[in-house]
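Subject: Structure handover and notes

Hello,

Here is the structure we talked about. Please open it first, then read my notes below.

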Amino acid sequence: MLIVTEVAEMYEEYRNGNIDKVYYVDGKPEGGPIEGGDIIIRLLEFANKRGWRMGAATKEKADYNKGRPYRHGGKLA
């Protein structure tokens, strides 16, 4: 749920027009890129606790995706 919370915070930055901005509130960095960083941090913390090798998993998935058509699975949009 911590990952989901960070995604929701990033979406709020999008809704507020700050998706591409970094700004500061009382010295704390805010904005879309900052929330994106928080998502990555939370995901990597989760993966690390489980011993997942995220670099290897990401490469395996990216290699698989290279062979997939653009809108695979009959997706229209």
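A salt bridge here is a side-chain nitrogen of Lys or Arg within 4 Å of a carboxyl oxygen of Asp or Glu. Keep that in mind for what follows.

Some ground rules. This is a predicted model, where local features need pLDDT of at least 70, side-chain atom pairs count only at pLDDT 80 or more, and totals for chains, interfaces and linings use all residues. Residues are numbered from 1 along each chain as its sequence is written, and side-chain values use heavy atoms, with hydrogens and water left out.

Overall layout

The chain has three helices and two strands. Helices (H or I, at least four residues) and strands (E, at least two) are DSSP runs, numbered from the N terminus. The order from the N terminus is α-β-β-α-α. The radius of gyration is 16 Å, well over the 11 Å that the globule rule gives for 77 residues, so the chain is more spread out than a compact globule. That radius is taken over C-alpha atoms, and the globule rule is 2.2 Å times the number of residues to the power 0.38. Along the principal axes, the C-alpha atoms fill a box of roughly 45 × 35 × 20 Å.

Of the 77 residues, 13% count as buried. Buried means under 20% relative accessible area, exposed means over 50%, and partly exposed is in between (1.4 Å probe, protein chains only). Take the contacts with a separation of 6 or more: residues 24 or more positions apart account for 30% of them. Contact means heavy atoms within 4.5 Å.

Salt bridges

The count comes to six salt bridges. Start with Glu6 and Arg42, whose side chains meet at 3.7 Å, N to O. Glu6 lies in helix H1 and Arg42 in helix H2 (residues 32-50), so this pair ties together parts that are 36 residues apart in sequence. Glu6 is buried, at 8% relative accessible area. Arg42 is partly exposed, at 29%.

Arg42 has another partner. Glu45 forms a salt bridge with Arg42, with the closest N and O atoms 3.9 Å apart. Both residues lie in helix H2, three residues apart, about one turn of the helix. Glu45 is partly exposed, with a relative accessible area of 40%.

Lys66 is exposed, at 68% relative accessible area. Asp63 is partly exposed, at 34%.

A buried glutamate

Which side chain of opposite charge is nearest to Glu13? Lys28, at 8.3 Å. Glu13 is buried yet has no salt bridge. For charge, Lys and Arg count as positive and Asp and Glu as negative, while His and the chain ends are not counted. Glu13 is found in helix H1 (residues 2-15). Its relative accessibility is 7%. Leaving aside neighbours within four places in sequence, Glu13 is in contact with Asn18, Ile19, Tyr23, Glu30, Gly31, Gly32 and Glu35. Glu13 and Ile34 are 21 residues apart in sequence and 9.8 Å apart in space, C-alpha to C-alpha.

Aromatic rings

There are two aromatic pairs. Rings of Phe, Tyr and Trp (its six-membered ring) pair if their centres lie within 6.5 Å; planes under 30 degrees apart count as stacked, over 60 as edge-to-face and the rest as tilted. One of the pairs is Phe46 with Trp52. This pair is edge-to-face, at 5.4 Å centre to centre and 80° between the planes. Phe46 is partly exposed, at 34% relative accessible area. Trp52 is partly exposed too, at 45%.

Phe46 also has a charge over its face: Arg50, at 3.7 Å from the ring centre. The rule is NZ of Lys or CZ of Arg within 6 Å of the ring centre and within 35 degrees of the ring normal.

A backbone point

Most residues other than glycine have a negative phi. Asp26 has a positive phi of about 50° although it is not a glycine. Asp26 is in the loop between strand E1 (23-25) and strand E2 (28-30). Asp26 is exposed, with a relative accessible area of 82%.

Best wishes
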